[in-house]
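Me: I'd like to learn how to read a sheet and the helices around it. Could you walk me through one?

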Amino acid sequence: MKKTRIGKEKKAGAPKVKSDKKTPSLEAPGPLIKSLRDLENHYCAGCGHGIAHRLVCEVIDEFDIREKVIAVAPVGCAVIAYEYWNFDVTEAPHGRTPAVATGIKRARPDNIVFTYQGDGDLAAIGTAEIIHAANRGENITVIFVNNGVYGMTGGQMAPTTLAGQKTSTSLAGRSLRRDGYPLKMLEMLAVLPGVKYLERVSVNSAQEILRAKRAIRKAFKTQIDKKGFSMVEVLSMCPTYWGMSPIQAAERIRTDVSTFYPIGVVKTY
Amino acid sequence: MCGNEACGEGAVLAGCKFYAGYPITPQNELTAYMSKRMGETGGVFIQAESELAAINMVLGAAVAGVRAMTSSSSPGISLKQEGISYLVGCELPAVIVNMQRGGPGLGNIAPSQSDYFQAVKGGGHGDYKMIVLAPSSAQELLECTHLAFGLADKYRNPVFILGDGLLGQMMEPVTLNVKPPETMPSKPWALTGCKGREPNVIRSLLLAEGALEEHNKKLQEKFSRMKESETRVESLNAKNSDIILVAYGSVARVAKLAMEKARAKGLKVGLIRPLTVWPFPDKVIYEAASTAKKILVVEMSAGQMVEDVMLAVKGRAEVNFYGRMGGGIPTEDEILARIEAMP
């Protein structure tokens, strides 16, 4: 498995990676990301999960809340996120992630609780849980990674798969007549009064990654300030099941995915 | 108070600080009671959007180290099975109450004992067991629920209360004879934020080769310890009787009346009432079967516990069965007639 750069830069003796000095500064943390373990990850080449993990961990470090964080990992490609995150983590049954987070946050309101969910977990099997957690105005943060397919199980069609997109269960492309329309979760949740902050971002370019980090920071700030439910949808690449190179996949987000799922703030306060 | 309320008060007195539930008859008095009492005692009450959400909110509260409970009735308990399996897999303590109603399907809202297999054999996926307490009065509901929280924490495993609609809704005098725990057990494994320690992870996913088998061995060892230490049973005239009745829950009370009537007629009849249907009191039943000629199992089902009785008896005595289904409740005269009709 290919080594990625996630969490690689630090520790005496670890191979030096060029990223520290040469990548654009993401403001705070410097080389050491306390919240992210110094490990190889299991994600495919060009997958956006690694970037999303790192952004969340950088924000947690910047707010200095690592020791207060309780994370809920999903079922999906990020199911073993607990291997990488250096704070308290549990994993939820598929889709029940916001219900588990609700239980944790209500039991420990002073902790910072976030869920990290994919599109199958959040927008298919866990639709009821996300809508009702949002509607109760649960003071939690949701990081919703949308790559438009079920990656872990072999690239099946997701509720967020675009019209015409080929997957292992929509071989001729998603048919709107047969399969219905791709779900826009943020726009659906925006009408709920308990929902305070919603933004859609992407991790397909350096510029978008910077924007994504700002959104994740704002989402955690929303929780820290006890304002209510916050969620960031991260449009992410799945080169493996899009049948593309990592560069083509990043480009597809710009040309196709973000034209259907527009980047930007959907709701704020 | 009614049985459902007694159950709720048992939870409150055990230091339950979190309840999530979904409306379903015949356990609604419990949800309403917890709504009131959680508010009064600084706990959390959530009316969940579904049974699935309710059990998973309880899972979340258990993850956070808080004593938590959910309750439902048969169709709702079916929906909770996924969460129960995860609770066991993650080694999380929680209390789950089933006030059983008639099935299958939507069935009806009359009392039943047809979820016995689901409760004691593992209704969800995976090899697992949990202590299943089977109270037979409002008083016992209070005591069993109180006990359940302690057992759940002791073994880091969910504990199940197997009641029925009759038990839940019947009004009876109850003595508040249980006390709040003086100290709560420490839970160093809980997720509280990793201040001053290494991060904790609570999960049931074990992908490394052999890891899940090791985890299962550890769980099975724990289930063995439960079986050794937590079997509870009441025996009445079980020694030196020709006929032994075996019944649990509300039906055991009817069976007791039948036993008394039979004894008044000069028949040597005893009663064994499992208070835990898992672990099952198979030794007590085996011993009774060594002297009794016949056994009669009475249930509000087509015959579920009777299978465990047959396994316990190991062929030493003849095992008969009398049951009513779909909300039918055996009467003492029906049971007496069955006793007298036994060859």
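**Reading the sheet**

Reply: Chain B has an open sheet of five strands with mixed pairing, in the order E8-E10-E9-E12-E13. At the edges sit strand E8 (233-236) and strand E13 (318-323) of chain B, each pairing on one side only. Neighbouring strands are turned by 20° against each other on average, direction ignored. This is a predicted model, where local features need pLDDT of at least 70, side-chain atom pairs count only at pLDDT 80 or more, and totals for chains, interfaces and linings use all residues. Residues are numbered from 1 along each chain as its sequence is written, while chains are lettered from A and ligands numbered from 1 in the order in which they are written.

Me: What counts as a strand, and what as a pair?

Reply: Strands (E, at least two residues) and helices (H or I, at least four) are DSSP runs numbered from the N terminus, and two strands pair if DSSP finds at least two bridges between them. Strands of a sheet pair through backbone hydrogen bonds, either parallel or antiparallel. Here, E9 (residues 243-246) and E10 (residues 269-274) of chain B run parallel, joined by four bridges. Leu245(B) stands opposite Leu271(B) in E10(B).

Me: Which strands does helix H10 of chain B touch?

Reply: H10 (residues 282-291) packs on the sheet, touching E8, E9, E10 and E12 (294-299) of chain B. Contact means C-beta atoms, placed from the backbone, within 7 Å.

Key. Axes fitted to C-alpha atoms, helices over the stretch in contact; angles between N-to-C directions. Contact = placed C-beta atoms within 7 Å.
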